[in-house]
Amino acid sequence: MAGTISKIIHFHDEEEFLDDMTEIMERFSYLASKYGHNPVEGILLWDYIGVQDEEGVKIFRVGEFPYFEGALKVDLETLRVMERYFDEMESKWDELRVEDIAYFVEMLNDALGREIVYYEAYDLGLDRDTAYIILNIANLHYLESVLDGRDREIFEEAVELLMRYV
């Protein structure tokens, strides 16, 4: 990934952080749809889980499993096993740590008899109130060099918001 940097960022209010990241991603996605370059290549929160199904890997947060249950293309038995484990994790939400999630994912994959659930935050050293972000600096510079008018304002607002965390 030439031109990219990865950084662990810290925040104090998860809801505010998520709102800000949503706003940043909406602005950069709009600009990318017009100019073809998105500076934010990825964000990983401490509680993001990946699940491999028939269509590919789907990412969700630990507490969101009930919402993704219908979106996963896996057999019913696999779904029920996953549901039990995720219900257990969610019941311990207040004291849940990355180590706990990593342990649950390992146990879940053992119970499934195959590795289809992924958890990278532990290996990256994330914890509550942290996220891992991948920024494409080359795309950032490109957009800065071609934008004017309202698109430049949108860009500058997104960058200003992003700089609060980076």
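Is Trp 93 buried, exposed or partly exposed, and what is its relative accessible area? Trp 93 is partly exposed, with a relative accessible area of 28%; buried means under 20%, exposed over 50%, and partly exposed in between (1.4 Å probe, protein chains only).

Some housekeeping before the points. This is a predicted model, where local features need pLDDT of at least 70 and side-chain atom pairs count only at pLDDT 80 or more, while totals for chains, interfaces and linings use all residues. Residues are numbered from 1 along each chain as its sequence is written, and side-chain values use heavy atoms, with hydrogens and water left out.

1. Aromatic pairs. There are seven of them in the structure. Rings of Phe, Tyr and Trp (its six-membered ring) pair if their centres lie within 6.5 Å; planes under 30 degrees apart count as stacked, over 60 as edge-to-face and the rest as tilted. Trp 46 and Trp 93 have ring centres 5.4 Å apart and planes at 35 degrees, so this pair is tilted. The two sit 47 residues apart, Trp 46 in the loop between β2 (40–45) and β3 (48–53), and Trp 93 in the loop between α3 (76–91) and α4 (98–112). Helices (H or I, at least four residues) and strands (E, at least two) are DSSP runs, numbered from the N terminus.

2. Around the Trp pair. Trp 46 is buried, at a relative accessible area of 0%. Trp 93 also has the charged end of Arg 128 over its ring, 4.9 Å from the centre; the criterion is NZ of Lys or CZ of Arg within 6 Å of the ring centre and within 35 degrees of the ring normal.

3. Other rings. Phe 11, Phe 17 and Tyr 165 are linked into a cluster by ring pairs.

4. The sheet. Three strands make an open, antiparallel sheet, ordered β1-β6-β2; strands pair if DSSP finds at least two bridges between them. β1 (4–10) and β2 stand at the edges with a single partner strand each, so one side of each has no neighbour in the sheet. Five bridges join β2 to β6 (residues 130–136), and Val 40 has Leu 135 as its bridge partner in β6.

5. Asp 53. This residue of strand β3 is buried, with a relative accessible area of 7%. A polar atom of the Asp 53 side chain lies 2.9 Å from the backbone nitrogen of Glu 55, and one lies 2.9 Å from the backbone nitrogen of Lys 73.

Terms used:
Polar contact = N/O pair within 3.5 Å; in protein donor to acceptor, adjacent residues only side chain to side chain.
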